[in-house]
Amino acid sequence: MQQSGNLPRLNEEALIVEKPTRTVWQRLGREEVIFLLFVFPNLFLFAVFTFWPMARAFYLSGVRWDMISPTKRWVGLANYEYLFNNDAFRKTLVASLYYTVGTIGGTLILGLLAALLLNLPLRGRDGVRAAVFAPNLLSGAAISIIWVYMFDPRYGIIKEILGWFGASSPNWLRDPDWAMPAVIVVSIWRTLGFATVIYLAGLQAIPKDLYEAAKVDGAGAFWRFRSVTIPMLSPILFFLMVTSVLSSFQSFDIIRVMTQGGPVDSTSTLIWYIYEQGFIAMNAGRSAAATVILFLFLLVFTLFQVNYSERKVHYGS
Amino acid sequence: MPSQGFLSRRRKAQLGRAVSYFMMLLLLMLIGVPVFWMVSGSLKTTQEIQAIPIKWLPTSLQWENFREAWNAAPFGRFYLNTIITTAFGSGLELLNATFTAYALAFLRFPRKTLVFVLILIALMIPDEVVVLPNYLTVAGIPFFGWNWINTYQGIIIPGASVAFGAFFLRQAFLGLPREVLDAARVDGCGHVRMLWDMVVPMARPSILTFGLISLVAKWNEYLWPLVVTNEDRMRTLTVGLTYLFDSEGNTEWGVVMAGTVFVLAPLIIIFIWAQRFIIEGITSGATKG
């Protein structure tokens, strides 16, 4: 506008400006257009079914709404305030922690023992490795049903096996003290093989000469394990820990089938609470607020994982 | 530590081997017992199931349980629904993963980092977190004006985008021999032909591995199909099975176990056929980035 006296120059500029708007697609090279076409369907679906609902969850966590009435009432942070002053939600956080620590502890320790065993030159170990891995691929809902039958306190197989050792069976899924251990056992049974297979890959990647060197230095079997195996496995251990945390936070089918969060909320994990508040109690606001809390947990752990794999890529190249 | 005990070194090694084989057997049983209990339960009569002390094996095979399960719930329909949602669901995932991976691996784009980061963010948002808002979207609440509850597209489309697979295949594509691909480029091979005729055949093992992982995941999917269906005729196998269990569990275990066999048998067959492949794929995905 300051140069309004300079007419010819303005015209020239108008020409230049007009050209790119006409040919925005031409300015992008063929390759760029193909790039966009290739990634568009995926990104579009992410926009509609991942990013938009995520934003919507944040919004919904600030309203009170029964998912039916046409109006939502904006309540600000009241849902979060409710959750943190609510005994049931506190129980949910404790149950989530119990479930996660129990599952991960069991999976990582038993998985390591299984991997050490299957790393020995035993006949048939490949078959056992495959069998141990198999539960990972089975439907969580279906295997949970099998385990409910196994845990049956009257005629289940576990009652029988406990009987061999003179122990009597608790009423697993109806007893607030025993329901969570039962759920954790199923969870470990399902994820054990994944940990085993990853550990095995890690064990096989440890250079043999490290063990030789330790042997020359006079280290016994236990000391070789402490000073070679464990440190060399630590990145694998870290990877397994993070992925296990992520998957246990998301584990819904076992809880839904075996306990529905009960008895008396003893197995009500965060993901169950979200489902129950949203789809049974029809309380969209509280469900969304719990969702945001779950998301923040998961985000922290995923950032760990991404950081880990980034680092690994750098080491690799 | 020199072995001066009453066991010679050779004896000790033999004992160690025996203990190892015993532990391996124990491990195998730990994994196998639930599968055994399912199969044996599915072939028992109600009396045999409720017998105390327990009966390990049925005296006569009660195939009747399978017929009863098939009639107690529309399993034929569940199979059809699951096959449709699995085939299209993992098919779309595979296409999305392949195209996205090719673009990220080989194509120049000024904002490529942004695209990369967007997919990374999507990777950080698990499906469980967006179930409630996605349910609202799919149910057409409040302003989309469509309703996909109880439809195949409602089950399939929200899960058709893929982040893990895109990164997994990108990594595989980047590992392909660069000279061969460059030679094809020089010969004037276009990107679409390049993808289908060169990259896809060369990266076949990785694509198949991801395809199998995706297939199994879709077959087992539970929370989303549970939420977007409320009629028997649209339920998938996993969801239908748990409704059968809710109504018959704790009483008709023979029938429920027969239903469980319906759900697990195809998975077990696929696994026996492709286990080496799946395990190696997952291991390399975890340990090689």
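I started at B:G140, which sits just after α6(B) and takes a positive phi of about 80°. Helices here are DSSP runs of H or I, at least four residues long, and strands are runs of E, at least two long, numbered from the N terminus.

The model is predicted, so I noted its limits: local features need pLDDT of at least 70, side-chain atom pairs count only at pLDDT 80 or more, and totals for chains, interfaces and linings use all residues. Residues are numbered from 1 along each chain as its sequence is written, while chains are lettered from A and ligands numbered from 1 in the order in which they are written.

**Entry: helix α6 of chain B**

I asked how many of the eight residues of α6(B) are buried. Seven are, so α6(B) is largely enclosed by the rest of the structure. Buried means that 20 or more other C-beta atoms lie within 10 Å of the residue's own; 12 or fewer is exposed, in between is partly exposed, and C-beta atoms are placed from the backbone. The buried residues are B:V131, B:L132, B:P133, B:N134, B:Y135, B:T137 and B:V138.

Next I looked for a partner in the other chain. Helix α3 (residues 30-60) of chain A packs with α6 (residues 131-138) of chain B at an angle of about 110°, the axes 8 Å apart. That makes α3(A) roughly perpendicular to α6(B). I noted how axes are drawn: they are lines fitted to C-alpha atoms, for helices over the stretch in contact, with angles from 0 to 180 degrees between N-to-C directions. The angle classes are roughly parallel under 35 degrees, roughly antiparallel over 145, roughly perpendicular from 65 to 115, and oblique for the rest.

From α3(A), the contact takes A:F49, A:P53, A:R56, A:A57 and A:L60. From α6(B), it takes B:L132, B:P133, B:N134 and B:T137. Two residues are in contact if their C-beta atoms, placed from the backbone, lie within 7 Å. By class I found six nonpolar, two polar and one charged. Nonpolar covers Ala, Val, Leu, Ile, Met, Phe, Trp, Tyr, Cys and Pro; charged covers Asp, Glu, Lys and Arg; the others, Gly among them, are polar.

**Entry: the two chains together**

I then took the whole interface. In it, 73 residues of chain A are in contact with 73 residues of chain B. Which helix gives the most to the side of chain A that touches chain B? It is α3(A), with 18 residues. That side of chain A has 54 nonpolar, 13 polar and six charged residues.

**Entry: inside chain A**

Chain A has 14 helices and two strands. Of its 317 residues, 40% count as buried. I picked one helix pair. Helices α5 (residues 87-118) and α9 (residues 179-204) of chain A pack with axes 6 Å apart, at about 40°. They are therefore oblique to each other. Their crossing is right-handed. Their contact holds 18 nonpolar, eight polar and no charged residues.

**Entry: inside chain B**

I counted 14 helices and zero strands in chain B. Its C-alpha atoms fill a box of roughly 70 × 70 × 30 Å along the principal axes. Buried residues make up 40% of its 289 residues. Of its contacts with a separation of 6 or more, 74% are between residues 24 or more positions apart.

Last, I checked B:Q62. Where does B:Q62 lie? I found it in the loop between α2 (46-49) and α3 (64-72) of chain B. Leaving out residues up to four places away in sequence, B:Q62 touches B:L43, B:K44, B:T45 and B:G254. B:G254 is 192 residues away along the chain, yet the two C-alpha atoms are separated by 8.6 Å.

Conventions. Left-handed = near helix turned anticlockwise from the far one by under 90°.
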